[in-house]
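Me: I've got a model open and I'd like to learn how to read it. Can we go through it together?

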Amino acid sequence: MFINNIAGVTNKRKLKLRKIVFFAFPMSLFITSLNSGSNGNCYYVGNETEAILIDAGISCSEIEKRMKRLGLNIQKVKAVFISHEHTDHISGLQTLSKKYNLPVYITHATHGYSRLKLQKNLVTSFTAHQPVTVGNLSITAFPKFHDAADPYSFVVSGNQTKVGVFTDIGTPCENLIHHFKQCHAAFLESNYDVTMLENGRYPYFLKKRISGDKGHLSNKQALELFTMHRPSFMSHLLLSHLSKNNNCPKLVQQLFNEHADGVKIIIASRYEETAVYHIHNSDNTDLSIKPLLTTSSQLSFAFA
Ligand SMILES: [Zn+2]
Ligand SMILES: [Zn+2]
């Protein structure tokens, strides 16, 4: 449902319409990408009364401006979760957290490497696979392969609906597959086209870094994950963190459209916010906790 795509609709009206939609589909969440790419990442997931942001990699004023344009109330944001310390995920965090007194969920290692000066009383760490509750939302982090100190992906559940935020991933690991299979919608990295990266101007070391096990997901890897592991109830796939130089939004849209099979394919832009998408659990999929049995050897491998 694309309330903000209706021409001439004011913000007040958008809010009203969203309330009506929510009343009609209470088993749902609202999501948007405020920005996605190596120039900044910020993803919004919320219900009717509260929301969280995953990462704050654009300025506080841009976050405010873009949320306002979408008719989203920033006062509903109750916490920010940080995936890792790379600048494109934290650059707006310090100001945002201070201005709105916003709690920040960030691990000790990520906080240390980020060099951010956050208010101590607002900082909380989190543990992989242990859900954190924010109002009626439940957020679970799990480790990912990326060249950062202590990187995580997140799944957010609420109102029987589950949304994944999966960017900055070198290798699609078992954890990712496990959680992807449970999502009604997902932000999934589709960073580069293999041929464009190979033939592009980047120095050899950078090409190796991007395509390496702790770099980024290629279009091919993302498509493989989608076609092999998408659940029947997935309704939206937001392809994210597209490279400016080694990818092309039209190419990604076309590639995934060919395999969409009913899933709405959206490209999350590196220049502006996407629409607000209304994700709902139409078939009451059972979202009771399904832990992944991870052996200690797999876990240590994940951090190797
Ligand atoms: Zn990034
Ligand atoms: Zn990164």
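Me: Of the contacts in the chain with a separation of 6 or more, what percentage comes from residues 24 or more positions apart?

Reply: Keep in mind that this is a predicted model. Residues 24 or more positions apart make up 67% of those contacts. The secondary structure they sit in comprises 11 helices and 14 strands.

Me: How many residues does the chain have, and what share counts as buried?

Reply: The chain has 304 residues, and 46% of them count as buried. The general idea is that in soluble globular proteins, nonpolar side chains tend to be buried together. Here, the largest nonpolar core has 69 residues.

Me: Which residues of that core touch the most other members?

Reply: Those are Ile52, Val80 and Leu239. Take Val80: setting aside neighbours within four places in sequence, its contacts include Ile52, Leu53, Leu93 and Val104. Ser97 is also in contact with Val80.

Me: And how do I read a pair of packed helices?

Reply: In general, two packed helices are described by the angle between their axes and the distance between the axes. The crossing of H9 and H10 is right-handed.

Me: Which residues make the contact between H9 and H10?

Reply: H9 brings Asn219, Leu223 and Phe226, while H10 brings Val252, Leu255 and Phe256. By type, the residues of this contact are five nonpolar, one polar and no charged.

How values were computed: Residues are numbered from 1 along each chain as its sequence is written. Chains are lettered from A and ligands numbered from 1 in the order in which they are written. This is a predicted model: local features need pLDDT of at least 70, side-chain atom pairs count only at pLDDT 80 or more; totals for chains, interfaces and linings use all residues. A crossing is left-handed if the near helix is turned anticlockwise from the far one by less than a right angle, and right-handed if clockwise. Helices (H or I, at least four residues) and strands (E, at least two) are DSSP runs, numbered from the N terminus. Two residues are in contact if their C-beta atoms, placed from the backbone, lie within 7 Å. Ala, Val, Leu, Ile, Met, Phe, Trp, Tyr, Cys and Pro count as nonpolar, Asp, Glu, Lys and Arg as charged, and the others, Gly among them, as polar. A nonpolar core is a set of buried Ala, Val, Leu, Ile, Met, Phe, Trp, Tyr and Cys residues joined through C-beta atoms within 7 Å. A residue is buried if 20 or more other C-beta atoms lie within 10 Å of its own, exposed if 12 or fewer, and partly exposed in between; C-beta atoms are placed from the backbone.
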